[in-house]
Amino acid sequence: METGDGCGGGEQGATLHAVSSAVLAVTRHLSVHEVLQVIVRAAAQLLDARYAALGVPDDEGSFAEFVVEGVSDEEWERIGPLPRQHGMLAAMLKGDTPKRLADIRREPEFEGWPVAHPVLKDFIGVPIRDAEDVLGIVFLANKRTPGGFTQDDEDVLTLFAAHAAIAVTNARLYEHNRELTVVAERNRMARELHDAVAQKLFSLRLTARTASALAERDPARTIRELEQVERLAAEALAELRAVIFELRPADLADGLVSSLRKHVEVLDRAHEAEVRIAADEAVVLPEEHEAVAFRITQEALYNALRHAKARTVEVRLGTADGQAVLEVADDGTGFDPADTAEPQNGLGLASMRDRAYSIGGDLTIDAAPGRGTTVRLEVPL
């Protein structure tokens, strides 16, 4: 990179530090959309640009996502639909090298810009590439410092784009893995539906047949059998409600604490065990962290109610030593965490640990045969 006279080393060090800080800001996020937003914001700050945008191309000549910085929601609404892959954008998607211009308006590819679009002058654009694939293009316009974008700016943005490509790829892999996890959970719930509910429905059917056969010659026993039919039907209905509730996607719009309370309330009604919660209303986590914490709680409650034969299960949420602490404790049969043959182990615990790790948390299991289980999640605040 060009360094100028006299203090080039210091300037270069400051620039690399700025790039490093920007990269760290991007890699803290796991959602693809959040990563794109942070990339655009960081790029604009790095090059001191008034406008920045990042477009992710689709296969239909438009963009799957288009994130902007420096344009208000009202201005963006006046601009209109997402841009198409034509003119300057198409040229950049097909090109392999950055494009730096003193005045984009003088370029032949400058065409089709909406009337409400901000006036652009000096311009720089860099493709975000993963090997031969173009993940997107990041471009900036109207450098606040007079003189437009320099070769140094181009070098910095190219370096940043290379790291941004890794962050985008990682975020996509994370979201894909999360989708696979959801599918696995739904398959597990389908098996539970078959094992728990189908068995009760089969017993209900046999009991109803017995009652029908005895109706004329043994009315007293018929009444007992019909009472059994009623009990089995109620149990099957409770199982169905619990399974359907767990299949529904978590709605965390009201926050983690409120969502946990609703979940605990439903499970308490659906199961014979007492399910209760003690939660600090002040505990607030980032949205993505709350979703992970909720799913871990669901898994722990599932194990306690379906495998541990617990009479009491308690969800506890609070803080300790600068961390949010979430516990699910039961008084069930317990198990040996080292024994992978136990139903609570295997994929269930592995899934919870992977989820905790994905948000920088720590998951511990305190369990032993005959003395219950406590699942503890700690997440930095």
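Is Asn 142 buried or exposed? Asn 142 counts as buried, because its relative accessibility is 15%, and buried means under 20% relative accessible area, exposed means over 50%, and partly exposed lies in between (1.4 Å probe, protein chains only). Keep in mind that this is a predicted model, where local features need pLDDT of at least 70, side-chain atom pairs count only at pLDDT 80 or more, and totals for chains, interfaces and linings use all residues. Residues are numbered from 1 along each chain as its sequence is written, and side-chain values use heavy atoms, with hydrogens and water left out.

- Most residues other than glycine have a negative phi.
- Asn 142 has a phi near 60°, a positive value in a residue other than glycine.
- You can find Asn 142 in strand S5, residues 133-143; helices (H or I, at least four residues) and strands (E, at least two) are DSSP runs, numbered from the N terminus.
- Asp 321 also has a positive phi, near 55°, and sits in the loop between strand S7 (312-320) and S8.
- Asp 321 is exposed, because its relative accessible area is 80%.

**Salt bridges**

- A salt bridge here is a side-chain nitrogen of Lys or Arg within 4 Å of a carboxyl oxygen of Asp or Glu.
- By this rule the count comes to 15 salt bridges.
- Asp 48 and Arg 144 form a salt bridge, with their closest N and O atoms 3.9 Å apart.
- This pair links distant parts of the chain, 96 residues apart: Asp 48 is in the loop between helix H2 (32-47) and strand S1 (49-57), and Arg 144 is in the loop between S5 and helix H5 (151-214).
- Asp 48 counts as partly exposed at 30% relative accessibility, whereas Arg 144 counts as exposed at 53%.
- Asp 103 forms a salt bridge with Arg 106, and the closest N and O atoms are 3.7 Å apart.
- Asp 103 is buried, with a relative accessible area of 9%, while Arg 106 is exposed, with 71%.

**A network around Arg 376**

- Glu 274, Arg 276, Glu 314, Arg 316, Glu 327, Arg 376 and Glu 378 are linked in a network of salt bridges.
- Within it, the side chains of Arg 376 and Glu 378 meet at 2.6 Å, N to O.
- Arg 376 counts as partly exposed, at 25% relative accessibility.
- The side chain of Glu 327 makes a polar contact with the side chain of Arg 376 at 2.6 Å; a polar contact is a pair of N or O atoms within 3.5 Å, where within protein one must be able to donate a hydrogen and the other to accept it, and residues adjacent in sequence count only if both atoms are side-chain atoms.
- Glu 327 lies in strand S8, residues 323-330, and counts as buried at 14% relative accessibility.

**Buried residues and their partners in space**

- Gly 125 is found in strand S4, residues 123-130, and is buried, with a relative accessible area of 0%.
- From C-alpha to C-alpha, Gly 125 and Arg 100 are 6.5 Å apart in space, and they are 25 residues apart in sequence.
- His 263 belongs to helix H7, residues 256-270, and is buried, with a relative accessible area of 2%.
- His 263 and Thr 297 are 34 residues apart in sequence and 9.7 Å apart in space, C-alpha to C-alpha.
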